[in-house]
Amino acid sequence: PQSVVDAIEQWVAQTDVDYLRPILFRAEPYDCWSQVERVGTRSVTLRSEIRDGDALLARARVTVVFVDPGTGRSAEPPEAYRAPLESVVARGRPRE
């Protein structure tokens, strides 16, 4: 049987990043937070932040489109895939 993951693909359609401060290469990792911001009919928008302690270094918004692997066209995801995404939208957004 085909799993939910096999039934739909996800393609990055758009990425917007605002770099607010330099992000330097270093051994110590930065904090990175991502949350589901919006679930559309055929896409999902993710919001992310990169922080160094309380300092906000970058903010990003990524739109991912669900795609039918057989046709290569955008498609509605199966409910088993969509429901968990919708449930996390209500939990809030990254801190400002």
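Where does isoleucine 23 lie? In this predicted model, the residue sits in the loop between strand 1 and strand 2. Isoleucine 23 is partly exposed, since its relative accessible area comes to 32%. Together with Val17 and Tyr19, Ile23 makes up a nonpolar patch on the surface, and the three share about 280 Å² of accessible area.

Four strands build an open sheet, with antiparallel pairing and the order 1-4-3-2. Strand 1 (9-19) and strand 2 (31-39) sit at the edges, each pairing on one side only. On average, and with direction ignored, neighbouring strands of this sheet are turned by 20 degrees against each other. Strand 3 (residues 43-52) and strand 4 (residues 55-67) run antiparallel and are joined by ten bridges. Across this pairing, threonine 45 faces threonine 63 of strand 4. Helix 2, spanning residues 79-89, lies across strand 1, strand 2 and strand 4, and runs at about 110 degrees to strand 2.

On to the charged side chains: searching the whole structure turns up four salt bridges. One of them pairs aspartate 52 with arginine 26, with 3.1 Å between the closest N and O atoms. This pair links distant parts of the chain, given that aspartate 52 belongs to strand 3 and arginine 26 to the loop between strand 1 and strand 2, 26 residues apart.

Another salt bridge brings together the side chains of arginine 61 and glutamate 37, at 2.7 Å from N to O. Because arginine 61 lies in strand 4 and glutamate 37 in strand 2, the pair ties together parts that are 24 residues apart in sequence. Here the two partners fall into separate classes: arginine 61 is partly exposed, with 37% relative accessibility, whereas glutamate 37 is buried, with a relative accessible area of 15%.

Glutamate 49 and arginine 51 also form a salt bridge, their closest N and O atoms being 3.0 Å apart.

Note on methods:
Residues are numbered from 1 along each chain as its sequence is written. This is a predicted model: local features need pLDDT of at least 70, side-chain atom pairs count only at pLDDT 80 or more; totals for chains, interfaces and linings use all residues. Side-chain values use heavy atoms; hydrogens and water are left out. Two strands pair if DSSP finds at least two bridges between them. Helices (H or I, at least four residues) and strands (E, at least two) are DSSP runs, numbered from the N terminus. Axes are lines fitted to C-alpha atoms, for helices over the stretch in contact, and angles run from 0 to 180 degrees between N-to-C directions. Contact means heavy atoms within 4.5 Å. Patches are made of residues with over 30% relative accessible area and no salt bridge: like charges are joined within 9 Å, nonpolar side chains (Val, Leu, Ile, Met, Phe, Trp, Tyr) within 5 Å. Accessible areas come from the Shrake-Rupley method with a 1.4 Å probe; for residues, only the protein chains shown count as cover. Buried means under 20% relative accessible area, exposed over 50%, partly exposed in between (1.4 Å probe, protein chains only).
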